[in-house]
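Please look at the structure first.

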Amino acid sequence: MSKIIIELITAGLGSVAFGLIFNVKKKYLPVTFGLGLLCWVAWLYFGSLMGDNLFITSLFTGLAMAIAAEIISRLLRAPSTIFFLTATIPIIPGGPLYHCMVSIVEGNQEMASSYGRATLFIALGISVGMSIAWAICDLSRKIRKRI
């Protein structure tokens, strides 16, 4: 249990750190902490439901984070991009990409392929989830304007 709490805190702090790098206003940093924490909760939850399917896990996590970023941005009257970028930092596939590159340098093609596939599935899942959420939000805005 304490391992999960540490993971949640570090996910939130990682989001805040990237918020500082991206020059997010200081008043939004607690929100980025909460979204980073929420992102890791979503990753753990969908990962427990989907098992080893990294694409579906990252798709649902990316979808949830894009929707959360849109909601928060409307509540705070700020661009959703700053919240989405900082919120998804905990699930960016940096570890698998690093291990893929190390395996390539070492000449271990089997491990490089495995890590490369994991990196691709996670990145593709995040982007597809984000695209679905933003398409739904854009469609809802257009429908609301017509009514």
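Q: Which residues of α2 do I4, E7, L8, I9, A11, G12, L13, S15, V16, G19 and L20 in α1 meet?
A: This is a predicted model, with residues numbered from 1 along each chain as its sequence is written. Local features need pLDDT of at least 70, side-chain atom pairs count only at pLDDT 80 or more, totals for chains, interfaces and linings use all residues, and side-chain values use heavy atoms, without hydrogens and water. Helices are DSSP runs (H or I, at least four residues), numbered from the N terminus, and contact means heavy atoms within 4.5 Å. The α2 partners are L29, T32, F33, G36, L37, W40, V41 and L44.

Q: Are α1 and α2 parallel, perpendicular or oblique to each other?
A: Their axes, lines fitted to C-alpha atoms over the stretch in contact, are 7 Å apart, at an angle of about 135 degrees. Angles under 35 degrees count as roughly parallel, over 145 as roughly antiparallel, 65 to 115 as roughly perpendicular and the rest as oblique. α1 and α2 are therefore oblique.

Q: What is the relative accessible area of S73?
A: S73 is found in helix α3. Buried means under 20% relative accessible area, with a 1.4 Å probe and protein chains only. S73 is therefore buried, at 6%.

Terms used
Helix = DSSP H or I, 4+ residues; strand = E, 2+ residues; numbered from the N terminus. Buried < 20%, exposed > 50% of the residue type's maximum accessible area, 1.4 Å probe, protein only. Axes fitted to C-alpha atoms, helices over the stretch in contact; angles between N-to-C directions.
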